[in-house]
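Please open the model in your viewer, with the sequence panel alongside.

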Amino acid sequence: MTDLPFERDVRKLASAVSGPVLVPGDEEYAGECSGANLAVAHHPQVVVGAATEGDVQAAVRFAREHALPVGVLATGHGPSLSVDKGVLITTRRLDGVRVDAGARKAHVGAGALWGPVVDAAARDGLAPLVGSSPSVGVVGYTLGGGLSISMARTHGWAADHVQAMDVVTADGELRRATPHEEPDLYWALLGGKSNFGVVTAMEFTLFPVTRLYAGNLYYAAEHAGQVLEVYRDFTASAPDEVTSSFALMRMPDAPFLPAFMRGTLTVNVRVSCVAPPAEGARLVEPLRYAAPLLADTVTDMPYADCLGIIPGGGEPWAAVEHFALLDDLTPQAVEAVLDTAGPDAVTRIDIVDIRHLGGALAEPPASPNAVGNRDAGFAVLTLTFTAPAEAARSAASGTELTERLAPRPGDRRHPTFLSHADAVEERTPAAYSPETYRRLRTVKARYDPDNVFRFNHNIPAAG
């Protein structure tokens, strides 16, 4: 099986859990360790494909017995550290979804994806604060804050509406975390992410929304400047019912893309209005007249169709991401975006995505959590596609823009918008206020004093 010094204990673990236990050299090892973003490769000494909460407990206890660190992988969409050595727990088999229509809440397992959750909620006339793709994992997205493509500015961060979590902490115990039961753990997980344990299940609020006025507007690259200026004015007066983003997209010449996007730079505005069609059309009208349209898909739609607002396939990919937060979309910021990634730029960046924040995202939640830096006006993402083997060489692609927008390493960040490059000591604290970071370290000392959970944007224990 393996030449590991604890081979006998690996066999014992494999006989005790329901899911697979794999080591390097096993046939299914590589597939079990793989996530959506192939730029992040995992090479643990042991990987446990958890099929039950008991499997997670057994894996954590095994790691503790052998003084091994633990990493967690659901879908692998979010930027993370590579798990080298140690134990990797995959949670994709914990994919149960249950909707309680009377209580307007969903109960999901650690491996649940947004597609099934949206479909299940829609059958009861309800809607979650959904992520950007049907294949995004619900729990990891929410622990970072969770910026919904559909109703973010209307209802705030997804983390603000979590009612309860089941979590296996570093001692192998399964705990229930709510605003009233293990409240410090509840507070820290929502924003502090995987630093405090393995969340095996989550309950969160659903909203009585069945339809949106939503979709995409596409323009030619030559109009990037004027569309971005109109978008800037649009966001300055947009009500909280409107959630939107602006993107510059350099797409390959691929047959699955619309003809107007193939092998060229395209300007894209994504918009979602929690409003009747007539009111939605009135709100979107300035964008429709910003420049000649290549395509307009903004229309009245069932909420269940909202996962198509940001189109994309479900196949794995390799990409490097970088982020910056802005107070405002200033003329200087607009100039930086166009200079770096506009139609006349020579760049490796494939996508620049500018997401409008504010609205309910700036409001404190009813049950406090560690998601901070709520006063930012915009989040900027750069994404560069690469071959997995070239990811390390491409690691800096995008920083030519994000460092121009946020030039200092300690500039304010957000737990939802942390890249692989931010997983260093001086950058992760910038995602929190000093008071919040100190409290997170105190909670870490209580639940994971040995920093077992450290394959992440790590928060070390106090002291």
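Begin with the open sheet of four strands, whose order is S1-S2-S4-S3 and whose pairing is mixed. Strands here are DSSP runs of E with at least two residues, helices are runs of H or I with at least four, and both are numbered from the N terminus; two strands pair if DSSP finds at least two bridges between them. The model is predicted: local features need pLDDT of at least 70 and side-chain atom pairs count only at pLDDT 80 or more, while totals for chains, interfaces and linings use all residues. Residues are numbered from 1 along each chain as its sequence is written, and side-chain values use heavy atoms, with hydrogens and water left out.

Select S1 (21–22) and S3 (70–73) at the edges of this sheet; each has a single partner strand, so one side of each lacks a neighbour in the sheet. Next select S2 (residues 46–49) and S4 (residues 87–90), which are paired in the parallel sense over four bridges. Within this pair, valine 47 is opposite leucine 88 of S4. Contact means heavy atoms within 4.5 Å.

Proceed to the open sheet of five strands, ordered S5-S6-S9-S7-S8 with antiparallel pairing. Strands S5 (97–100) and S8 (174–177) are at its edges, each with a single partner strand, so one side of each has no neighbour in the sheet. From one strand to the next, the twist averages 15°. Select S5 with S6 (residues 105–109): the two run antiparallel and are joined by four bridges. Arginine 98 has histidine 107 in S6 as its bridge partner.

Now display helices H8 (residues 224–237) and H9 (residues 277–288), which pack at an angle of about 155° with their axes 9 Å apart. H8 and H9 are therefore roughly antiparallel to each other, a term for angles over 145 degrees. Show the side chains of Val230, Tyr231 and Phe234 in H8, which meet Leu283, Pro286 and Leu287 in H9. The residues of this contact divide into six nonpolar, no polar and no charged; Ala, Val, Leu, Ile, Met, Phe, Trp, Tyr, Cys and Pro count as nonpolar, Asp, Glu, Lys and Arg as charged, and the others, Gly among them, as polar.

On a 1 Å grid over the protein atoms alone, a cavity is a set of points where a 1.4 Å probe fits but cannot get out, and lining residues have an atom within 4 Å of a point. Grid points are joined across faces, edges and corners, and a volume is the space filled by probe spheres set on the points.

The largest cavity contains about 120 Å³ of space. Select Ile149, Thr243, Ser244, Ser245 and Arg355, the closest to its centre of the 14 lining residues. Its lining divides into six nonpolar, six polar and two charged residues.

Finish at the second largest cavity, with a volume of about 60 Å³. Trp114, Leu129, Thr142, Ala158, His161, Met202, Phe204 and Thr205 line this cavity. Strand S9 (residues 198–205) gives the largest share of the lining, three residues.

Notes. Axes fitted to C-alpha atoms, helices over the stretch in contact; angles between N-to-C directions. Parallel < 35°, antiparallel > 145°, perpendicular 65-115°, else oblique. 1 Å grid on protein atoms, 1.4 Å probe; cavity = no way out; pocket = protein on both sides within 12 Å on 5 of 7 lines; lining within 4 Å.
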